[in-house]
Amino acid sequence: MLSSRIHKISAGVACLVASLAAASVSTSAGADSADVPTYQEFEASTYVDVDGAYVVNGDEVVSGKHDLRTFYERLVAPPQTHEDGLIVNTVNGVDDKWSASQALNLTYCVSTRFGTRHDDIVAAMSAGAGLWEAATSKVNFVHVPAQDGKCTTRNNAILFSVEPVSTSQYIARAFFPSTPKRQRNVLVDDSIWASGNWEPGDILSHELGHTLGFRHEHTRPESGTCFEDNNWRPLTPYDSASIMHYPQCNGSSSDLEFQASDAEGARVLYGS
Ligand SMILES: [Zn+2]
């Protein structure tokens with residue numbers, strides 16, 4: 001989720017988001033292309049994570065330079081209009097989601113490198129996953145404790161890993177179903193325990209929303225700010241209180257609670 005501690009959010013995430021939004025607006029208006037960052041400027045300004053992945057839109061991951069270039073080109077392309085309707089990530093126009101069988105068996109480990117916080121992360125993951133699982137019986141996250149001692153992206157016994165990270169760039173970050181296995185992890189910074197009225201379970205639920213394919217709700221035009229790109233498809237009407245909506249992007253919820261619209265979106269994408 002967002003970058004850490006409320007103040008740092010504006011410093012970290014919002015800066016990047018603000019520059020992307022500016023690029024998009026000036027492109028769509030046919031304004032001076034000098035306002036649009038070049039790819040080189042964009043790449044240079046993009047945070048490179050501990051595993052070499054690029055972090056975009058605050059807490060989402062792009063695998064390598066080729067994919068970052070593709071991301072940039074979509075970002076500066078003229079926008080399409082969406083009139084209605086949690087939103088799902090799309091890749092080349094196709095929904096970015098798990099197969100029905102995989103969605104029922106989303107296995108993960110929680111690294112023992114969390115140390116004394118290991119059990120707390122296990123509990124927060126369970127709480128976060130439970131919100132989506134309560135929405136639809138077609139989605140099931142499965143913790144595999146036997147893999148916690150070797151919990152990395154290289155462990156093929158699980159679909160994804162949950163690992164600690166030390167960073168000031170974000171509280172946690174996640175991946176999409178289309179992300180290659182080598183970068184399919186949820187990374188969690190210690191600041192998750194000091195994030196004000198954002199409960200750890202809700203923060204991880206937001207991250208698990210990405211792992212199911214859901215995009216930031218605030219990229220929709222109704223938010224009026226924090227635009228990311230147009231590579232998504234609406235599932236429900238816009239909800240400024242969605243758990244996938246950054247509160248600081250004109251959101252109407254300050255506590256990042258899971259909403260009925262989030263449950264509805266999950267059912268639209270995966271079935272009820
Ligand atoms: Zn996010």
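# Close-up views of a predicted protein model

**View 1. Helix α8 and its buried face.** In helix α8, which covers residues 260-270, the buried residues are Ser-261, Asp-262, Gly-265, Ala-266, Leu-269 and Tyr-270; a residue is called buried if 20 or more other C-beta atoms lie within 10 Å of its own, exposed if 12 or fewer, and partly exposed in between, with C-beta atoms placed from the backbone. Seen down the axis of α8, these buried residues fall within an arc of 150°, so they line one face of the helix, where the arc is that of the directions from the helix axis to the C-beta atoms. An α-helix has 3.6 residues a turn, so residues three or four places apart point the same way. Among the elements that cover the buried residues of α8 are β4 (87-91), α5 (100-103) and α6 (118-135); here and below, helices are DSSP runs of H or I with at least four residues, strands are DSSP runs of E with at least two, and both are numbered from the N terminus. After α8 comes Gly-271, whose phi is positive, near 95°.

**View 2. The whole protein and the confidence of the model.** This is a predicted model, in which local features need pLDDT of at least 70 and side-chain atom pairs count only at pLDDT 80 or more, while totals for chains, interfaces and linings use all residues. Residues are numbered from 1 along each chain as its sequence is written. The protein has eight helices and eleven strands, and of its 272 residues 45% count as buried. The average pLDDT, which is the predictor's confidence in each residue on a scale from 0 to 100, is 86 for the protein, and 83% of the residues score at least 70. Over residues 4-34, however, the pLDDT is below 50, although this stretch has 51 contacts in the model beyond near neighbours in sequence; two residues are in contact if their C-beta atoms, placed from the backbone, lie within 7 Å. The pLDDT also stays under 50 over residues 79-85, for which the model has 13 contacts beyond four places in sequence.

View 3. Three strands form an open sheet in the order β5-β4-β11, with antiparallel pairing; two strands are said to pair if DSSP finds at least two bridges between them. At the edges stand β5 (94-95) and β11 (232-234), each with a single partner strand, so one side of each is left without a neighbour in the sheet. Strands β4 and β11 run antiparallel and are joined by three bridges, and Asn-89 stands opposite Trp-232 in β11. Asp-96 lies in the loop between β5 and α5, and it counts as buried because it has 22 C-beta neighbours inside 10 Å. When neighbours within four places in sequence are left aside, the contacts of Asp-96 include Val-88, Asn-89, Phe-176 and Gly-213. The C-alpha atoms of Asp-96 and Arg-233 are separated by 9.9 Å, although these residues are 137 residues apart along the chain.

**View 4. Strand β10 and its partners.** Strand β8 (residues 160-164) runs parallel to β10 and is joined to it by four bridges, with Val-162 opposite Val-186. Strand β9 (residues 172-173) pairs with β10 in the antiparallel sense over two bridges, and here Ala-172 stands opposite Val-188.

**View 5. The enclosed helix α7.** Twelve of the twelve residues of α7 are buried, so this helix is largely enclosed by the rest of the structure. What covers the buried residues of α7 includes β3, α6, β7 (141-143), β8, β9 and β10. Gly-213, whose phi is positive, near 115°, follows α7.

**View 6. The largest nonpolar core.** The largest nonpolar core has 57 residues, and those with the most contacts inside it are Tyr-108, Trp-132, Val-162, Ala-172 and Ala-266; such a core is a set of buried Ala, Val, Leu, Ile, Met, Phe, Trp, Tyr and Cys residues joined through C-beta atoms within 7 Å. Helix α6 gives the most to this core, with seven residues. In soluble globular proteins, nonpolar side chains tend to be buried together.
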